[in-house]
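Let's take a walk through a protein chain together. Have a look at the fold, and then we'll go from one spot to the next.

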Amino acid sequence: MDYHHLPAKEGIHELCTNVLLGLSHAEAEARLKKYGLNAIEEKRHFVALKIITEQFTSPLVWILLIAMAISFFMKEMTDFYVIGIVVVLNAVLGFIQNYRAEKAIDALKKVLSLKSTVLRDGQERKIDSSFLVPGDILLVETGDKVGADARLLETVNLETQEAALTGESTPVSKQDSILPKETPVSDRTNTIFSGTVITQGHAKAVVIETGMSTQIGKIARLIQETKPEMTHLQKKLGALAKFIGLAVVLIAVLTFGIGALFGRELFEMFLASIALAVAAIPEGLPAVVTVSLALGVQRMASRNALVRRLPSVETLGACTVICTDKTGTLTHNQMTVQKLFVNGKVVGITGSGYDLQGHFDDNPKNFGELLLIGALNNNAKLRAENSSWEVIGDPTEAALLVSAKKAGLNVEELHEKYPRIEEIEFTSERKCMTTVHHVGQNNIAYTKGAPEVVLKMCTKILVNGKVMPFTSVRRTEILHVCEEFAKDALRVLGFAYKPLAKKESEIEKNMTFVGLQAMIDPPREEVKTAIEKCKTAGIKVVMITGDHLTTAAAIAKQLGISGKAVTGAELDRMTDFEQHAEHIAVYARVDPAHKLKIIDALKAKGHIVAMTGDGVNDAPALKKADIGIAMGTGTDVAKEASAMVLADDNFATIVNAVQEGRKIFDNIQKYIAFLFSGNVGEVLVVFLSILGGLPLPLIAIHLLWINLMTDALPALALGVDPADDDIMQRPPKKPEKSIFTGMEQYVITYPLLLTIGVLGMFSYYLPDTPHARTVAFTTLVLFELFQAVSCRSLTKPAFSVGIFKNKHLAGAVLLSFTLQISLLYVPALQEWFRVVPLTAMQILLIIGVSSAGFLYLELWKWWRQPAL
């Protein structure tokens with residue numbers, strides 16, 4: 001039922017209730033059974049067991065589990081236990097980082113966890129809001145949080161703060177009226193909504209929707225129906241795991257088939273093919289990815305970006321579009337006076353939000369009367385709360401208090417010195433408010449309101465301390481200034497005063513006009529720079545807000561967000577929205593369903609979408625986006641639906657997080673290049689030796705040592721490699737590109753050079769197989785350690801980025817080299833690994849051969865660098 005389109009009496013009739021008596025207790029009980037509790041339905045519980053289970057859903061982990069099973073079957077218990085430790089370590093790290101459960105639905109239930117005043121059996125009763133039913137007569141007053149969606153019946157100066165639901169930053173004036181059927185939620189001024197706050201006035205309303213049928217309930221349903229998608233990184237690693245799986249099967253089949261073709265003993269070839277398949281699996285990769293992401297999470301936390309879902313860290317680095325809410329994200333959600341018009345000129349005021357720091361372009365003493373009226377004709381209060389200010393009352397009036405305090409006025413002392421003795425309250429019809437104060441021996445009326453209304457009350461004007469006739473020229477000038485302020489989306493109030501005679505009957509006539517104060521919810525100072533950095537990094541910024549188009553477009557212009565601006569209604573009328581989405585930068589007057597539509601359109605065009613927000617209305621979109629980013633001071637609903645929370649509410653922190661995400665993906669590519677190059681080389685060495693009828697150059701324990709000890713430490717060190725200096729000057733990685741893009745020389749050419757070097761050294765020292773095998777083993781290890789150094793950059797020579805800049809890598813390479821040498825000269829290890837000591841000349845020869853691949857890669861990068 002479209003109750004906003006019906007007269008109040010008809011709505012009462014439809015709901016079968018009584019405006020004077022409300023529902024009877026029996027009827028309320030019956031309706032409670034029919035409609036259910038006024039609460040959010042919960043579809044599922046997200047428990048620790050499910051988090052643990054999810055750690056084993058990665059195809060990479062499945063491959064390790066298969067390798068464990070094969071090792072157990074082959075009675076290779078060392079391999080079995082070591083791989084098992086890797087799997088458990090990976091699961092534990094993932095569990096710790098993802099332990100924070102999804103509580104979006106619980107947070108929504110908190111929104112409804114409050115008391116409401118209703119009429120029951122003709123008596124006012126305060127009940128738990130969960131027991132509200134359609135037809136209840138609801139009574140609300142200043143400071144109340146609304147318990148259910150309700151159609152207004154009677155209002156007195158009613159205003160509500162709906163920023164968390166609709167995104168509108170200023171209080172909304174509400175009254176009983178009949179609205180068109182197609183009126184969007186954000187413009188339904190005859191309805192109050194669950195979870196919003198009454199900032200002024202009081203009212204009587206009839207409850208029309210409860211629970212899941214309220215606007216908050218609809219958002220809850222959207223959250224429940226929005227299934228989180230795999231992240232960019234999860235998709236890439238899933239594809240990688242499939243590639244590894246196919247390669248492992250192919251290697252095993254080929255090895256067995258070729259061995260059988262050459263007449264080798266079948267069981268021996270079965271064992272060799274299985275061992276080779278296990279060797280092809282980079283056992284350390286899942287753990288290295290998890291550790292790298294976890295370390296990235298810690299670094300981001302130190303920069304005020306709190307990551308709730310581990311794989312999301314990298315996604316932000318790949319994002320191509322950031323869709324951001326305006327109110328509270330790009331702006332402060334705190335109205336701020338930015339300009340005055342007084343004494344015939346415009347005066348600017350610096351500062352933003354409720355911060356009292358700021359100065360005027362002119363001496364405040366020259367327009368003290370204007371600021372005085374704003375302070376006295378005011379029902380708001382500013383209260384210090386830790387390091388910030390909390391507002392009690394209307395944010396617009398709070399802005400007037402701040403402008404007065406910036407000029408050094410003590411608002412509290414002013415109210416004591418000039419006590420209020422009368423008030424003619426603001427109404428939506430009058431559009432002004434007048435208070436009368438006792439000043440010295442006289443009474444003075446102070447008025448503020450819409451400029452066009454205040455101007456009609458005035459016959460005089462105060463200019464530089466002198467009262468002058470209010471000419472038509474001056475009126476025209478003031479109206480022109482109002483128009484100019486409106487173009488900048490400033491909300492303008494006019495101010496006037498009148499000394500009163502003892503028996504004054506017409507207070508709001510023949511007043512003296514003083515000036516204008518113009519305010520806006522201003523952009524955060526650091527946001528413009530952050531948006532510029534996004535542009536440099538190839539990331540488009542899109543503003544999505546429930547606020548008015550004029551205001552949104554003005555803020556976008558100030559911040560440098562360029563592109564077409566449209567409303568939600570215009571979006572609904574577009575038949576080919578996907579084609580327009582690329583060119584639209586500002587969406588105004590949108591609802592939660594619009595936000596999902598925008599995200600879907602951008603995704604359809606191949607974008608990786610990040611969505612920021614802080615309100616209840618942002619929650620479904622935060623969950624739908626590739627990565628949802630909530631503000632730290634935002635609603636619990638937004639935080640729990642997001643993948644990341646900005647602790648400092650600073651949009652600029654997103655830029656830091658993007659840089660961290662890009663660094664993580666770069667580093668993942670580095671150690672994938674490192675690990676795969678080595679694994680491909682190992683497989684080629686063993687495969688070609690079988691094909692050539694040679695003894696095996698490497699035995700199973702050698703392969704396991706290389707994969708888990710020689711490779712693991714440098715791979716972990718590459719995971720914390722510093723970011724390239726130009727990381728934020730290049731466009732995002734294209735989502736459709738393979739994770740191997742840019743590392744062809746590492747996974748194709750280098751393994752071939754490694755294979756030639758290892759088999760060449762192995763053949764040189766045959767027929768002394770133990771000696772030749774030790775040389776081959778050590779040569780392969782050093783090939784990989786040299787490559788680890790080269791992997792510091794896949795596009796630039798290692799010397800140009802600094803070989804020793806990553807001290808962790810330098811230490812890891814040195815430690816791995818030391819461990820390898822210790823195998824050759826510690827008797828117990830010699831026996832276990834079946835190696836023999838090598839001479840100093842042999843070690844030098846191995847170093848010379850194994851460095852050939854490193855020199856090739858560095859020369860190739862140096863030659864290619866100008867083209868990049």
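**Starting at a loop**

Cysteine 16 is exposed, with a relative accessible area of 57%; exposed means over 50%, buried means under 20%, and partly exposed is in between, with a 1.4 Å probe and protein chains only. You'll find cysteine 16 in the loop between helix H1 (8-14) and helix H2 (25-35). Helices here are DSSP runs of H or I with at least four residues, strands are runs of E with at least two, and both are numbered from the N terminus. Cysteine 16 also has a positive phi of about 50 degrees, although it is not a glycine.

Before we go on, keep in mind that this is a predicted model, where local features need pLDDT of at least 70 and side-chain atom pairs count only at pLDDT 80 or more, while totals for chains, interfaces and linings use all residues. Residues are numbered from 1 along each chain as its sequence is written, and side-chain values use heavy atoms, with hydrogens and water left out.

Now compare another loop. Alanine 489 sits between helix H18 (472-487) and strand S19 (491-500). Alanine 489 isn't a glycine, yet its phi is positive, at about 60 degrees. Is alanine 489 buried or exposed? With a relative accessible area of 10%, alanine 489 is buried.

Let's zoom out. The chain has 34 helices and 26 strands, and of its 868 residues, 56% count as buried.

Next up is a sheet. Its 8 strands form an open sheet with mixed pairing, in the order S8-S26-S25-S24-S9-S21-S23-S22; two strands pair if DSSP finds at least two bridges between them. At the edges are strand S8 (305-307) and strand S22 (564-567), each of which pairs on one side only. From one strand to the next, the twist averages 20 degrees, where axes are lines fitted to C-alpha atoms (for helices, over the stretch in contact) and angles run from 0 to 180 degrees between N-to-C directions. S22 and strand S23 (residues 584-588) run parallel and are joined by 4 bridges. Valine 566 stands opposite tyrosine 587 in S23. Helix H23 (residues 592-604) packs on the sheet and touches S23 along with strand S9 (321-325), strand S21 (540-544) and strand S24 (609-613); touching is contact, with heavy atoms within 4.5 Å.

One last stop: a cis peptide bond joins leucine 766 and proline 767, with omega at about 10 degrees. Proline 767 has its place in the loop between helix H29 (744-765) and helix H30 (769-790).
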